[in-house]
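Biologist: I would like to go through the labels put on this model and see what stands behind each of them. Can we take them one at a time?

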Amino acid sequence: MTISHRFIETNGIRMHLAEAGSGPTVLLCHGFPECWYSWRHQLEALAAAGYRAIAPDMRGYGQTDKPDAIDQYTLLHLTGDMVGLLDAIGTDQAVVVGHDWGAPVAWRCALFRPDRFRAVVGLSVPFQVRGPNRPSTVMPRTEKQRFYQLYFQTPGVAEAELEKDVHNAIKTTLFALSGDAPVEDPASLTMLPSEGGWLDGKPTTQSLPTWLTDSDIEFYVEEFKRTGFGGGLNWYRNIDRNWELLAPWSGAKVQVPALYVVGDRDGVYRSPSWSHLVPSLKQFVPLLRETIILKGCGHWTQQERAKDVSNALLEFLKQL
């Protein structure tokens, strides 16, 4: 199956798309630190099953534009990019799928524009209703540790750490957060030493897990060597701003058919900050069809368990 590439204009930026197949549109939104390539398996599976699968490099990533200003990476910008993408390719509706940071984008696409996004699939990150407090004020912090998203807040700090050795940063991140890492409690990886960085204390490996190849790593490395990590990190720097901007949708529910997929060794699923959201998901996503928990799977859901995720997507799409 051939994956083709092109550029579109959307929401004031130039965006790179990878696409395959023809038929009803399925839009695939990646997270951090990834790019369109994280959906390589699903692009082929969806196309072979009669769908038009599109995986953009999201704002700030890969070959897509990377605005300088931090405030250009809010969820309103990111969902606006996806609405503009549909306009640019001449499609009225799509099923939107998101992993990691792409999941909040997908959930909000469905929340804001159910007329354009007829169904939604979230991988790893469940739908979160807007809480009563600024997110940064309730993130875990102790004398010796802090939540990783707090470390990401100061511009330039995480960039310097990750860009010092991009190959090590990518390889360590992909392995450490996977289901293959020898970590008793995956949620512990979301906490960093107070004086340390993202990579400190993360398990490493010489031999790669079966779902990951040297060429996969090199693809990501070449992308981030060219772009740096600042665009992706800027998504985290808008968490409080997103909270302010999303006030009009406080208490609103996602009212389109939905599917949620997560690995039981994903730090998101294990984290006390998020784990309570999974059992209550149907309360805020009334048309949730199913929650699928993949045993032994870590954070990189669609890459670690490519066939399981593709099959789950196809079964969900068939039911719509």
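Modeller: What follows sets labels against their cut-offs.

Modeller: This is a predicted model, in which local features need pLDDT of at least 70 and side-chain atom pairs count only at pLDDT 80 or more, while totals for chains, interfaces and linings use all residues. Residues are numbered from 1 along each chain as its sequence is written, and side-chain values use heavy atoms, with hydrogens and water left out.

Biologist: Why is W101 called buried?

Modeller: Buried means under 20% relative accessible area, exposed over 50%, and partly exposed in between, with a 1.4 Å probe and protein chains only. W101 has 11% relative accessibility, so W101 counts as buried. Y236, at 3%, is buried too.

Biologist: What makes W101 and Y236 an edge-to-face pair?

Modeller: Rings of Phe, Tyr and Trp (its six-membered ring) pair if their centres lie within 6.5 Å; planes under 30 degrees apart count as stacked, over 60 as edge-to-face and the rest as tilted. The search of the whole structure gives 21 aromatic pairs. For W101 and Y236 the centres are 5.7 Å apart and the planes stand at 85 degrees, so the pair is edge-to-face. The pair links distant parts of the chain, 135 residues apart: W101 is in the loop between β5 (94-99) and α3 (102-112), and Y236 is in helix α9 (residues 230-236).

Biologist: Why is the pair of F152 and W198 called tilted?

Modeller: Their ring centres are 5.6 Å apart and their planes are at 45 degrees, so the pair is tilted. F152 lies in the loop between α5 (148-151) and α6 (157-164), and W198 in the loop between β8 (191-193) and α8 (214-227), 46 residues apart. F152 has 0% relative accessibility and is buried; W198 has 6% and is buried. One aromatic cluster includes W101, Y236, F152 and W198.

Biologist: How do you know that the span of helix α14 agrees with its number of residues?

Modeller: Helices are DSSP runs (H or I, at least four residues), as are strands (E, at least two), numbered from the N terminus. The expected span is 1.5 Å times one less than the number of residues. For the 14 residues of α14 (residues 306-319) that gives 20 Å, and the end C-alpha atoms are 20 Å apart, which agrees.

Biologist: What puts the buried residues of α14 on the same side?

Modeller: The buried residues are A306, V309, S310, A312, L313, F316 and L317. They cover an arc of only 160 degrees around the axis, so they are on the same side of α14. The arc is that of the directions from the helix axis to the C-beta atoms. On the other side, K307 and K318 are exposed.
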